[in-house]
Amino acid sequence: MTGEAIISLREVCKLYRTGVIEFEALRGVSLDVEAGEYVAIVGPSGSGKSTLMNILGCLDVASSGSYRLAGDDVAEMDEEELADIRNQRIGFVFQQFNLLPSLSAVRNVELPLVYAGVGRDERRERAAAALARVGLADRVDHRPGELSGGQQQRVAVARALVTEPAMILADEPTGNLDSHSTADVLDLLDELCATGRTIVLITHENAVADRARRTVRVFDGALEEGTLSGAVTA
Ligand code: ADP
C-alpha cells in the first residue's frame, strides 16, 4: 500500500432483506482507488452498481467488510460525521442533475458551502470560480431552466467541485444528455482528471466507460478488473 488510497474496500458484502427473502447484491467486493485515478465502474442493469455507488458515497453501509475513505473507517462514523464526509470529501454528480430550479447557477453551486458553514462572500467567490472552471463564467445568474442539459450538468459538476472534495462520484452523468453534451461533460471529466482530481464514474455504457484510464466491471455483485478495449460491446 502506498497510503494514498482514497477508496479502500475490503470484502464488502451487501445483503438486502425483503421480508424473509435475502438477496446478496454485493459479494465480497474489494477495490482500491488511488488519489488522481479516473476509474469507471461498468456493468449491466441489476449488477450492483447503484449499491456500490451508495456505499462509496456513504449513502448506505455495507452488511460486512470494510470501507476506508481517505484512511478513515466509515463504519466507525455516526450520522453527523457521515453527513460531513458526504458534504466535504465527496462531490456527487447524478444523472438527473439535481439542481434547485428556483436558484441561479451560482446559488446552486454555493449550496454545499452553505451546509459547510462558509461565509457569504467567500461562498460567492468560490462558486463563481467553480463555474468559470467548467466554462460557465457567463451563465452564473441563469436558472437551470435557462440552460441546456449539458450546461446544467456542468453546473452540477461545479457544485461537486466547489468544496475541493477528495473524489468526484459521478453516477450515469451523461444518461440524460444528447451526444454533443455527453462529449462536453466527458471532456470536462478528462480535464478534471488531468488536473489531479480523483474520479469514479458509474455507467452502463461502454463508450462512456472507455474514457476512464481504468475500468472495473461489476457482474452479479462481484468485481472484475479490465480494460474495455476489445471487451464485450453494448
Ligand atoms: P444496478 O445499479 O447495477 O442496476 P443495483 O445495485 O440497483 O444494480 O441492484 C443490484 C441488485 O440488488 C438487483 O438485483 C436489485 O433488484 C437488488 N436491490 C437493489 N436495491 C434493493 C433493495 N433496497 N431491496 C432489495 N433488493 C434490492
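Predicted model: local features only at pLDDT ≥ 70, side-chain atom pairs only at ≥ 80, totals over all residues.
**View 1. The ring pair of Phe-92 and Phe-94.** One aromatic pair is found in this structure. Its rings belong to Phe-92 and Phe-94, whose centres are 5.7 Å apart and whose planes meet at 5°, so the pair is stacked.

**View 2. The shell around the ligand.** Here you can pick out the residues that surround the ligand, among them Tyr-16, Thr-18, Phe-23, Ala-25 and Pro-44. The run from Ser-45 through Gly-46, Ser-47, Gly-48, Lys-49 and Ser-50 to Thr-51 also belongs to these surroundings. Sorted by class, the shell has seven polar, four nonpolar and one charged residues.

View 3. A polar backbone atom of Gly-46 is 2.6 Å from an oxygen atom of the ligand. For Lys-49, a backbone N or O atom is 3.0 Å from a ligand oxygen, and for Ser-47 a polar backbone atom is 3.1 Å from one. On its own the ligand has 560 Å² of accessible area, and the protein covers 61% of this. Two or more shell residues come from each of β1 (5–18), β2 (21–34) and α1 (49–56). Which element gives the most to the shell? That is α1, with three residues.

**View 4. Asn-108 in helix α3.** Asn-108 is part of α3, which spans residues 105–115. Its relative accessible area is 0%, so this asparagine is buried. A polar atom of the Asn-108 side chain lies 3.0 Å from the backbone oxygen of Leu-103. Apart from neighbours within four places in sequence, Asn-108 is in contact with Leu-99, Leu-100, Leu-103, Pro-144, Val-155 and Arg-159.

**View 5. The buried side of helix α2.** Follow α2 along residues 79–88 to find Leu-82, Ile-85 and Asn-87, which are buried. The cover over the buried residues of this helix includes β4 (64–69), β6 and α3.

**View 6. Asp-73 in strand β5.** Asp-73 sits in β5, a strand of residues 72–73. How accessible is this aspartate? Its relative accessibility is 19%, so Asp-73 counts as buried. A polar atom of its side chain lies 3.0 Å from the backbone nitrogen of Ala-75. Beyond neighbours within four places in sequence, Asp-73 is in contact with Tyr-67 and Arg-68.

**View 7. Two loop residues with positive phi.** Most residues other than glycine have a negative phi. Asn-98 has a positive phi, near 55°, and lies in the loop between β6 (90–94) and α3. With 42% relative accessibility, Asn-98 counts as partly exposed. Glu-164 likewise has a positive phi, of about 55°; look for Glu-164 in the loop that runs between α5 (149–161) and β7 (167–171).

Notes
Residues numbered from 1 in each chain as written. Heavy atoms only, no water. Near = heavy atom within 4 Å. Polar contact = N/O pair within 3.5 Å; in protein donor to acceptor, adjacent residues only side chain to side chain. Areas by Shrake-Rupley, 256 points an atom, 1.4 Å probe, with all protein chains shown as cover. Helix = DSSP H or I, 4+ residues; strand = E, 2+ residues; numbered from the N terminus. Nonpolar A, V, L, I, M, F, W, Y, C, P; charged D, E, K, R; others polar. Buried < 20%, exposed > 50% of the residue type's maximum accessible area, 1.4 Å probe, protein only. Contact = heavy atoms within 4.5 Å. Phe/Tyr/Trp six-rings, centres within 6.5 Å; stacked < 30°, edge-to-face > 60°.
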